[in-house]
Every structure is written in C-alpha cells, then in structure tokens.
Amino acid sequence: MPRRCVSVFVKELRKTDVYDDTAVIIMADHGYGFENTGLTERANPLLMVKDFGSKGFTTSQEFMTNADVPVLAMEQLIENPVNPFTGKAINMDENFAHD
C-alpha cells in the first residue's frame, strides 16, 4: 500500500470522527524492489499498528514478522488468548526463547 494511501485512510478516520475508537493494523507481505538503489530500507515491509485512543505515531526498530500480528491484534482485547485449533497460547514467548 503506497504511503499516500495510508495517509488518506488515516485522514478519513479522523474526518469521520472514528480515529480514537478504532484499532488498525496494516501489514505488507514484503517490501518492494530495491535493486541497485542502495536503499535497503525499502526491503522492510510496512507493519503499522494504531491502538484504540492512540494520538501520534512512534517507530520501533524491534524485529517483528507477520506471525506477530495475531498477538498485536489481541494484546489489549483478550486476556491469555489461545489458538482454538491447537490449544496453544497466542503470545510472543517463542520470540525471546532463543539466543
């Protein structure tokens, strides 16, 4: 999703007065081509999380993947979420279990 589309989307949320009451997660499945440009940041796909009541934007350099999105989506809404198919807890414990 081009940056201007995200901007239009956020502006529309604010214009319709639902921005504060809305949680939004936007993720890309991959970055876009950066061959011979020297712009390695273009290889980083967008993962944007706006929680309920958020006012501004912050940037995190924390390593995350698309697999972290379910945890981000349920973090403030469901206490101790569990995958209904596997019975396993939905959390980021595995991210920190290894050197």
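Okay, let's start on the surface: I25, M27 and V49 make up a nonpolar patch there, with about 230 Å² of accessible area together. A patch here takes residues with over 30% relative accessible area and no salt bridge, joining nonpolar side chains (Val, Leu, Ile, Met, Phe, Trp, Tyr) within 5 Å and like charges within 9 Å. A salt bridge would be a Lys or Arg side-chain nitrogen within 4 Å of an Asp or Glu carboxyl oxygen, and areas are Shrake-Rupley with a 1.4 Å probe, counting only the protein chains shown as cover for residues.

Quick caveat: this is a predicted model, where local features need pLDDT of at least 70, side-chain atom pairs count only at pLDDT 80 or more, and totals for chains, interfaces and linings use all residues. Numbering runs from 1 along each chain as its sequence is written, and side-chain values use heavy atoms, without hydrogens or water.

Back to V49, in strand β2, residues 47–50. Helices (H or I, at least four residues) and strands (E, at least two) are DSSP runs, numbered from the N terminus. V49 counts as partly exposed because its relative accessibility is 43%; buried is under 20%, exposed over 50%, partly exposed in between.

Now inside. Which residues form the largest nonpolar core? Seven: V6, V10, L13, Y19, V24, I26 and M48. Two or more of them come from each of α1 (3–15) and β1 (24–27), and α1 gives the most, three. "Core" means buried Ala, Val, Leu, Ile, Met, Phe, Trp, Tyr and Cys joined through side-chain atoms within 4.5 Å.

Last, D17: not a glycine, yet its phi is positive, about 65°. D17 sits in the loop between α1 and β1.

Key
Buried < 20%, exposed > 50% of the residue type's maximum accessible area, 1.4 Å probe, protein only.
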